[in-house]
Amino acid sequence: MITFIPRDKVSKNWIIIAPILSIVFTIFFGLLIFTFLGYNPLETLYQIFVSPFSRIDRISDILVKACPLIIIGTGLMLCFKSNVWNIGAEGQFIMGALLAGFIALSFPNIETKFFLLITILAGFVGGALWAFIPAILKTKLNVNEILVSLMLVYVAMLFIDFIVRGPLRDPMSFGFPLSKPYPEGALINKIPFPGIGFLGQLHYGILFVFLLVPISWIFVNKTLGGFKINVLGSAPQAAKFAGFKQNSITITVLLLSGGLAGVAGVIEVSANIGQLQPEVSFGYGFTAIIVAFLGRLSPVGILFAGIIIATVKLGADNAQMTMGIPKVVTGLFEGILLFFLLTGETLQKYKIKWSEGKK
Amino acid sequence: MEALILTIIATSIPLLLAATGELIAEKSGVLNLGVEGMMLSGAVGALGAVLWLENPYYGIIAGALSGILMASIFSLFTINFMTNQVATGLGLTIFATGLTGLAGAPLVGKTIPSLPKIEIFLLSDIPLIGSILFKQDFVAYLSIGIIIFISFFLKYSKSGIILRAVGDDHQSAHSVGYPVKKIRWYTTCFGGMCAGIGGAYIPLVLTPHWSEGMTAGRGWIALALVVFASWIPWRIIVGALIFGGITIAQLVGQARGWPIPSQLLSMMPYIATIIALTMISGRLSKNNSVVPSSLGKPFFGSQ
């Protein structure tokens with residue numbers, strides 16, 4: 001019989017051990033399932049976890065894929081820390097990309113890269129507005145933010161589909177549902193490396209991540225706002241007594257996370273696609289939930305978590321091409337990983353005790 | 001007209017079943033956000049079983065078992081390992097989306113026979129009402145049976161009262177000596193069974209072949225239905241029929257060529273969910289006694 005006994009203080013060791021053990025367990029159980037369903041486990045393992053590192057341009061593609069995950073994950077971190085469950089980042093990503101796309105397509109001849117600041121701002125506003133709906137419903141009418149934010153994902157997906165096939169469709173697109181290409185000023189370029197040229201798809205959008213991680217670290221650890229969020233999440237009663245306004249914190253974290261998801265949408269479209277199309281996100285908003293948890297809801301952790309999950313995503317693409325395994329299989333690993341990470345959280349606070357006989 | 005009503009009923013049955021199962025789980029204090037995942041597993045399980053055994057009734061059993069399997073994973077982590085219910089439920093849906101994508105890949109392009117209608121002797125001959133109420137398939141009768149059963153179970157049976165006590169105050173229920181964890185295992189698995197059968201109904205009756213993520217958000221709408229019904233079983237029937245009606249209305253609108261873009265029509269069920277939640281939640285926050293007080297809170301057991 002296993003029983004859990006509360007620890008006197010949170011175990012520091014487990015904070016490091018838990019994510020590593022979780023990954024090991026996840027690989028083990030994932031392979032078990034693959035074997036059970038008749039796939040070669042070793043080849044799957046190679047394709048998903050090793051092949052993304054096999055060439056330098058592939059490694060840079062990991063960074064490209066990690067970029068939106070880290071940006072969205074950082075926003076979600078703020079929500080989850082304060083016990084606000086925004087699971088609609090996918091929709092906020094789309095609406096951010098859409099509003100920025102609308103602005104970009106309104107100025108077809110603009111060339112200056114300063115214009116990017118405007119489109120990124122528009123992306124932030126678009127995402128934040130979409131997150132404002134669950135925020136206001138939650139704080140004013142006590143409507144569950146989980147369900148509202150999720151329903152809005154479906155609405156956003158249908159909305160961009162409608163816009164791209166209707167009002168913003170390029171008449172010259174030969175019947176394809178595509179908008180006109182963005183003007184030069186709204187595109188994020190690939191980074192040229194002297195003597196090497198381009199490394200895969202590596203683009204300047206990655207700079208935003210290098211900016212965001214330290215800023216969010218300072219915000220969470222060194223400012224009053226970050227302190228309030230931490231207290232609200234870990235000790236809601238204390239936050240109440242201290243007079244922190246729960247509603248304004250809820251609205252703030254939702255707007256910030258929606259805005260960041262929107263920015264991720266702008267960067268993704270401006271750097272990798274260059275025009276609007278019916279599908280712009282490919283599930284980044286949902287995957288970022290796992291990234292936020294794998295990163296232990298800390299900015300630096302999320303940086304690493306984004307890179308790890310991006311690796312698995314790219315690996316799954318490879319596995320689809322070479323072995324015909326459906327791409328959604330990454331969800332299998334993400335789900336198991338989340339289960340074990342959450343168990344790790346319990347083990348930080350509780351010791352396991354093996355006792356014999358009845359409890 | 002008759003055909004239209006029958007389609008609305010068929011569309012609402014997966015929602016009805018999944019929401020009823022979730023209601024029981026929530027009444028005992030378990031918030032399982034993995035309904036979408038359990039429904040997907042039920043769908044893929046049913047498809048596999050019917051293709052293998054060539055009898056649609058095995059699909060119902062396989063759907064139920066797949067749902068229970070998923071619910072057991074959720075129970076193991078949230079009840080025994082005391083993980084956060086919201087995050088674990090999300091994880092379950094993500095996990096099941098991946099698992100069913102993998103398990104469903106060999107099934108793509110194969111079609112299964114649909115669940116036969118059962119005519120109830122004489123009653124099914126009554127015009128209009130007969131074919132709507134007494135010429136349904138097994139799962140339709142089953143789902144109404146389950147609703148009636150749990151309405152009485154929750155209200156009048158001793159076990160039902162204990163179940164509600166566990167959901168309202170698990171600490172007190174524990175100190176009186178009720179096995180909180182065991183009860184929650186049962187209710188969660190019951191929820192999984194219902195969601196699994198609801199998911200199985202989608203390939204068995206609505207669209208007879210596999211496509212990735214074929215539940216299309218029904219699990220999430222079912223979660224909203226529980227709130228909409230204010231945790232009162234019979235109200236789920238009303239809610240499910242309304243949502244079935246809205247879903248069919250947008251399909252009819254697309255087929256008849258209403259001058260509204262199809263995507264905007266397809267948004268209707270999701271927007272309706274938000275509106276319904278908003279209307280109900282405003283009322284609920286004034287009358288807090290309806291919501292199970294321990295809902296979503298982990299139970300740390302014997303101390």
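**Exercise 1.** In which hand of crossing does α2(B) pass α9(B)? State also how the two helices are oriented, and which residues meet.

*Solution.* The model under study is predicted.

Step 1. The crossing in which α2(B) passes α9(B) is right-handed.

Step 2. Helix α2 of chain B covers residues 35–53 and helix α9 of chain B covers residues 180–206; they pack at an angle of about 55°, and their axes lie 6 Å apart. Angles under 35 degrees count as roughly parallel and those of 65 to 115 as roughly perpendicular. The pair α2(B) and α9(B) is therefore oblique.

Step 3. On the side of α2(B), the residues in contact include Gly42(B), Ala43(B), Gly45(B) and Ala46(B). On the side of α9(B), they include Gly192(B), Ala195(B), Gly196(B) and Gly199(B). Sorted by class, the residues of this contact comprise 13 nonpolar, seven polar and no charged.

**Exercise 2.** Determine how α1(B) and α6(B) are oriented to each other, and describe their contact.

*Solution.* Step 1. Helix α1 (residues 2–27) of chain B packs with helix α6 (residues 138–156) of chain B at an angle of about 30°, and the axes are 10 Å apart.

Step 1. Angles under 35 degrees count as roughly parallel. The helices α1(B) and α6(B) are therefore roughly parallel to each other. Their crossing is left-handed.

Step 2. From α1(B), the residues Ile9(B), Ile13(B), Leu16(B), Leu17(B), Thr20(B), Ile24(B) and Lys27(B) take part. An α-helix has 3.6 residues a turn, so residues three or four places apart point the same way. Among the partners in α6(B) are Val139(B), Ser143(B), Ile147(B) and Leu154(B). The contact of α1(B) with α6(B) holds 11 nonpolar, two polar and one charged residues.

**Exercise 3.** Verify the length of helix α12 of chain A, and state what follows the helix.

*Solution.* Step 1. Helix α12 of chain A has 25 residues, 299–323.

Step 1. The expected span is 1.5 Å times one less than the number of residues.

Step 2. Just after α12(A), Gly324(A) has a positive phi of about 70°.

**Exercise 4.** How many residues does each chain give to the contact between chain A and chain B? Describe the side of chain A.

*Solution.* Step 1. Chain A contributes 41 residues and chain B contributes 42 residues.

Step 1. On the side of chain A, the elements giving two or more residues are α5 (115–141), α6 (145–165), α11 (284–294) and α13 (330–349). The largest share, 12 residues, belongs to α13(A).

Step 2. By class, this side of chain A has 29 nonpolar, eight polar and four charged residues.

How values were computed: Residues are numbered from 1 along each chain as its sequence is written. Chains are lettered from A and ligands numbered from 1 in the order in which they are written. This is a predicted model: local features need pLDDT of at least 70, side-chain atom pairs count only at pLDDT 80 or more; totals for chains, interfaces and linings use all residues. Axes are lines fitted to C-alpha atoms, for helices over the stretch in contact, and angles run from 0 to 180 degrees between N-to-C directions. Helices (H or I, at least four residues) and strands (E, at least two) are DSSP runs, numbered from the N terminus. Angles under 35 degrees count as roughly parallel, over 145 as roughly antiparallel, 65 to 115 as roughly perpendicular and the rest as oblique. A crossing is left-handed if the near helix is turned anticlockwise from the far one by less than a right angle, and right-handed if clockwise. Two residues are in contact if their C-beta atoms, placed from the backbone, lie within 7 Å. Ala, Val, Leu, Ile, Met, Phe, Trp, Tyr, Cys and Pro count as nonpolar, Asp, Glu, Lys and Arg as charged, and the others, Gly among them, as polar.
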